[in-house]
Amino acid sequence: MYLNREEDNSKGSVSLSVFLVSLAVTVCAVWLVALCGVCGWCQRKLGKRNKPGVETADTPDSARGRGEKKAIKGNKPANSPKGQPPDADGHSSVTDLANSLTGDMVMLSPGSEDDDGEGPISEKLGRIQFSIGYSFQNTTLTVKVLRGQDLPAKDFSGTSDPFVKIYLLPDKKHKLETKVKRKNLNPHWNETFLFEGFPYEKVRERTLYLQVLDYDRFSRNDPIGEVSIPLNKVELGQIKTFWKELKPCSDGSGRRGDLLVSLCYNPTANTITVNIIKARNLKAMDIGGTSDPYVKVWLMHKDKRVEKKKTVTMKRCLNPVFNESFPFDVPAHVLRETTIIITVMDKDRLSRNDVIGKIYLSWKSGPAEVKHWKDMLARPRTNVAQWHALKA
């Protein structure tokens with residue numbers, strides 16, 4: 001009887017020990033699971049290894065994308081989070097647009113669609129036709145300015161008022177001028193100019209210089225381009241007719257820098273979004289050899305200014321990164337009468353702000369501008385970017 005009671009007590013002690021051990025093991029297991037859930041180290045490791053889409057972060061292309069982003073971003077931080085989806089209009093945010101020229105943006109250049117946009121821009125300035133002849137009997141040089149062709153637009157109306165100045169270099173004091181042809185990109189002058197009393201030996205030491213300008217009633221005339229031809233390389237005994245491509249003026253007026261602009265047309269919302277991305281090699285306007293550039297964007301309807309917007313000012317910078325976007329309401333029926341004028345300005349605290357250069361974007365501007373405008377209309381809801389040479 002006593003043995004049975006002792007056996008029952010020993011069995012009860014064993015059962016209690018087993019229960020306590022099981023309880024301790026269970027508590028430890030629960031504690032470990034809870035600790036693992038809080039830490040999540042193994043989850044992150046497994047997630048990095050198996051999660052699709054993150055694996056591409058180590059590919060060469062994405063590494064190059066990060067490099068471009070850092071380079072293009074400049075001093076201005078991005079405002080949108082990484083991987084932000086496109087907006088309601090179907091194109092990426094302005095920050096994504098500026099940080100990498102990929103995705104929804106089509107990168108174009110005036111010369112070729114395969115151009116990467118980083119080379120120098122050779123802007124087409126049109127050409128001029130003229131003739132040269134010399135009379136030995138009268139010791140007179142005859143220059144006839146015939147016509148111009150495919151001249152660039154200098155006015156916000158999408159045209160120019162061209163005229164020609166004629167010099168016999170190195171003499172710049174005495175010049176002759178043609179008449180102004182109003183609103184004409186293919187002018188016909190047909191004007192004859194005589195340089196009398198020039199011996200043949202003296203004529204051969206001169207260089208004929210023709211400068212085409214756009215007449216402006218209220219401000220300084222804008223240079224369009226120039227042509228120069230040494231007369232010792234011309235057979236002056238008979239009249240010679242030339243077609244010459246215009247080149248940027250050698251006084252530096254044609255070298256004002258370039259601006260990268262993106263246009264996006266949304267036919268549903270009737271909007272044109274102008275993205276001012278960045279500029280390069282801007283002309284220095286200050287004494288210290290730099291500038292404080294900002295950009296003004298005007299929406300023009302016919303010859304009337306409708307709306308103006310502008311970027312922030314970048315201090316002491318000739319290669320500024322702006323990354324600013326400006327939407328404009330443009331109904332479809334006024335597209336052909338719409339011009340977007342983009343002006344790069346130099347901010348001056350003590351005097352009037354200086355104009356560095358301008359761009360006129362419309363269906364009737366210069367060849368590079370018209371190409372950009374047409375590409376924008378051909379690719380609705382897509383950011384179409386192109387480098388433009390700033391004009392005087």
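Biologist: Which residue lies over the face of phenylalanine 328?

Modeller: Lysine 309 does, at 4.8 Å from the ring centre. A charge counts as sitting over a ring if NZ of Lys or CZ of Arg is within 6 Å of the ring centre and within 35 degrees of the ring normal. Keep in mind that this is a predicted model, where local features need pLDDT of at least 70, side-chain atom pairs count only at pLDDT 80 or more, and totals for chains, interfaces and linings use all residues. Residues are numbered from 1 along each chain as its sequence is written, and side-chain values use heavy atoms, with hydrogens and water left out.

Biologist: And what lies over the face of tryptophan 243?

Modeller: Arginine 127, at 4.0 Å from the ring centre.

Biologist: How many aromatic pairs does a search of the whole structure find?

Modeller: Six. Rings of Phe, Tyr and Trp (its six-membered ring) pair if their centres lie within 6.5 Å; planes under 30 degrees apart are stacked, over 60 edge-to-face, the rest tilted.

Biologist: What makes phenylalanine 130 and phenylalanine 242 a stacked pair?

Modeller: Their centres are 5.5 Å apart with 25 degrees between the planes, and stacked asks for under 30.

Biologist: Why is the pair of phenylalanine 136 and tyrosine 200 called tilted?

Modeller: Because their planes stand at 45 degrees, with the centres 4.9 Å apart.

Biologist: Why does phenylalanine 136 count as partly exposed?

Modeller: Its relative accessibility is 47%; buried means under 20%, exposed over 50%, partly exposed in between (1.4 Å probe, protein chains only). Tyrosine 200, at 24%, is therefore partly exposed too.
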